[in-house]
Amino acid sequence: MKYLEYTPLDRINDFLSHVNLGERTIKGCLEAYSCKHTGTDKKLSLSLENEIFDYLGKSSDADSSSPVEYLMCRSSRKTLIYLLLSLYHMYPDYDFSAVNAHQFFTEESWDSFKQIFDVYMFEASKEWLDANEGSALLETLYKALDEVVKVAECEIYTYNPEADADPFLEKGAIWSYHFFFYNRRLKRVVSFRFSCVSNLVGEGHLLDDSSFDEDEEIFDGMDM
């Protein structure tokens with residue numbers, strides 16, 4: 001996987017590096033990769049695929065909770081491995097399991113991504129508008145993604161592991177999301193992770209349930 005530099009992504013990254021909202025800070029990061037193997041990628045890719053084959057050899061199709069059907073498909077395995085290689089490049093000291101990771105990836109649509117973005121990034125979007133008149137953050141993000149991976153051709157995934165298995169989760173995190181935009185034809189993937197962190201934790205205060213209740217109220221009456 002080769003890291004790709006794109007100026008439109010850099011502009012958004014600069015803004016999302018630290019959006020201070022008083023008691024909370026919103027952070028975000030976009031990273032683009034080419035799915036061509038470099039360095040140790042080939043060896044790691046083979047290791048991940050062997051892990052999958054070992055799992056398939058020991059699994060039964062009768063287990064409805066198992067990912068056997070998905071992993072039996074060569075193109076699905078290839079997609080999973082590309083996503084995992086991206087994770088390895090972002091967090092090289094963490095050991096991602098191919099079989100376990102499958103359970104954490106969920107295929108999404110642009111509309112479902114947009115709904116999550118509109119709700120959770122609402123305040124950050126207002127800050128962006130103040131600094132960039134006439135250009136909405138989501139619109140700018142779409143154009144940047146489209147330049148790199150052609151959004152209409154993308155498969156979109158969320159990565160949502162258990163908290164104790166998430167190397168990206170920061171202390172004081174209130175919420176976090178991690179999306180991948182994968183273009184099979186172009187062999188490119190863009191990772192977009194964004195989160196909200198309490199500023200009170202760094203000041204010695206403890207989070208209480210009220211901060212989470214505020215976020216839950218946003219979704220009252222919404223069909224997610």
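This is a predicted model: local features need pLDDT of at least 70, side-chain atom pairs count only at pLDDT 80 or more; totals for chains, interfaces and linings use all residues.
Residues are numbered from 1 along each chain as its sequence is written, and side-chain values use heavy atoms, with hydrogens and water left out.

Let's begin with the helices. Two packed helices are described by the angle between their axes and the distance between the axes. Helices here are DSSP runs (H or I, at least four residues), as strands are (E, at least two), numbered from the N terminus. Axes are lines fitted to C-alpha atoms, for helices over the stretch in contact, and angles run from 0 to 180 degrees between N-to-C directions.

Take helix H2 (residues 41-58) and helix H4 (residues 74-90) first: their axes come within 10 Å and cross at roughly 130°. H2 and H4 are therefore oblique to each other (angles under 35 degrees count as roughly parallel, over 145 as roughly antiparallel, 65 to 115 as roughly perpendicular and the rest as oblique). Among the H2 residues that meet H4 are Leu44, Leu48 and Ile52, and the H4 side includes Leu80, Leu84 and Tyr88 (contact means heavy atoms within 4.5 Å). By class, this contact of H2 with H4 has 9 nonpolar, 2 polar and 3 charged residues.

Now look at helix H1 (residues 7-16) and helix H7 (residues 122-131), whose axes lie 11 Å apart at an angle of about 110°. H1 and H7 are therefore roughly perpendicular to each other. Here Arg11, Ile12 and Phe15 of H1 meet Ala124, Glu127 and Trp128 of H7, a contact with 4 nonpolar, no polar and 2 charged residues.

Finally, turn to the pocket lining. By class, the lining of the largest pocket has 12 nonpolar, 8 polar and 6 charged residues (a pocket, on a 1 Å grid over the protein atoms alone, is an open set of points where a 1.4 Å probe fits, with protein on both sides within 12 Å along at least five of seven lines; lining residues have an atom within 4 Å of a point). Of the 26 lining residues, Asp166, Ser176, Tyr177, His178 and Phe194 lie nearest the pocket's centre.

Technical notes: Ala, Val, Leu, Ile, Met, Phe, Trp, Tyr, Cys and Pro count as nonpolar, Asp, Glu, Lys and Arg as charged, and the others, Gly among them, as polar.
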